[in-house]
Amino acid sequence: MADQPTSGVEWSNEKCLLLIDLYKESTNLWNTKHKDYRNRYIRQDSLLEISKHMNTSKEEVDRKLKNLICHFWREVKKVKQHRSGDGADDVYCSKWFAFKSFEFLKDRNDCRPTIETDAVQQLLIQLIDIWQ
């Protein structure tokens with residue numbers, strides 16, 4: 001029987017909250033609008049810095065962050081599901097220790113404002129007139 005590899009890291013709630021704070025400070029890891037978000041080398045360097053601060057491997061930090069973030073989005077989904085049409089007594093409030101610490105992620109995927117179709121058409125007409 002093969003033993004499962006152990007991480008060797010004891011992740012207390014305090015240590016997880018510290019990891020979340022370090023992640024939040026490294027905006028290039030989570031903010032899709034950050035100039036270095038798409039640069040994987042800089043992102044890897046940021047993870048390496050966090051891992052040095054946490055005194056563990058980059059892979060372990062990456063794994064733990066993915067697990068925590070996944071848990072956060074499951075909690076957000078529960079909150080949203082219980083809000084729609086339920087009575088005030090049925091509102092779900094997450095009691096997960098890291099929920100409030102991850103709230104900075106909630107608006108990272110907000111859509112950018114769109115340009116109205118009429119305005120785009122007007123602009124195209126003006127551009128065509130200029131080129132002619």
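Which residues of the largest nonpolar core touch the most other members? I looked this up first. They are L19, Y23, F102 and L105, in a core of 25 residues. I took a nonpolar core as a set of buried Ala, Val, Leu, Ile, Met, Phe, Trp, Tyr and Cys residues joined through side-chain atoms within 4.5 Å. Buried stands for under 20% relative accessible area, exposed for over 50%, and partly exposed for values in between (1.4 Å probe, protein chains only).

Conventions. The model is predicted, with pLDDT of at least 70 needed for local features and 80 or more for side-chain atom pairs, while totals for chains, interfaces and linings use all residues. Numbering runs from 1 along each chain as its sequence is written, and side-chain values use heavy atoms, with hydrogens and water left out.

The largest share, seven residues, is from α3. Helices here are DSSP runs (H or I, at least four residues) and strands are runs of E (at least two), numbered from the N terminus.

Helix α1. I checked its length: 13 residues at 1.5 Å a residue should span 18 Å, and the end C-alpha atoms are 18 Å apart, which agrees. The expected span is 1.5 Å times one less than the number of residues. C16, L19, I20, L22 and Y23 are buried in α1. They are on the same side of α1 because they cover an arc of only 165° around the axis, taken from the directions from the helix axis to the C-beta atoms. The exposed residues E14 and E25 are on the face turned away from that buried side.

Largest pocket. I found about 200 Å³ of space in it. Twelve residues line this pocket, and Y23, L29, R43, D62 and I69 are the closest to its centre. A pocket is an open set of points on a 1 Å grid over the protein atoms alone, where a 1.4 Å probe fits, with protein on both sides within 12 Å along at least five of seven lines; lining residues have an atom within 4 Å of a point. Volume is the space filled by probe spheres set on the points, which are joined across faces, edges and corners. α3 gives the most to the lining, four residues.

Second largest pocket. I found about 150 Å³ of space there. Of its eleven lining residues, V79, C93, S94, F99 and K100 are the closest to the centre.

Residue K100. K100 sits in the loop between α3 and α4 (117–131). K100 counts as exposed because its relative accessibility is 68%.
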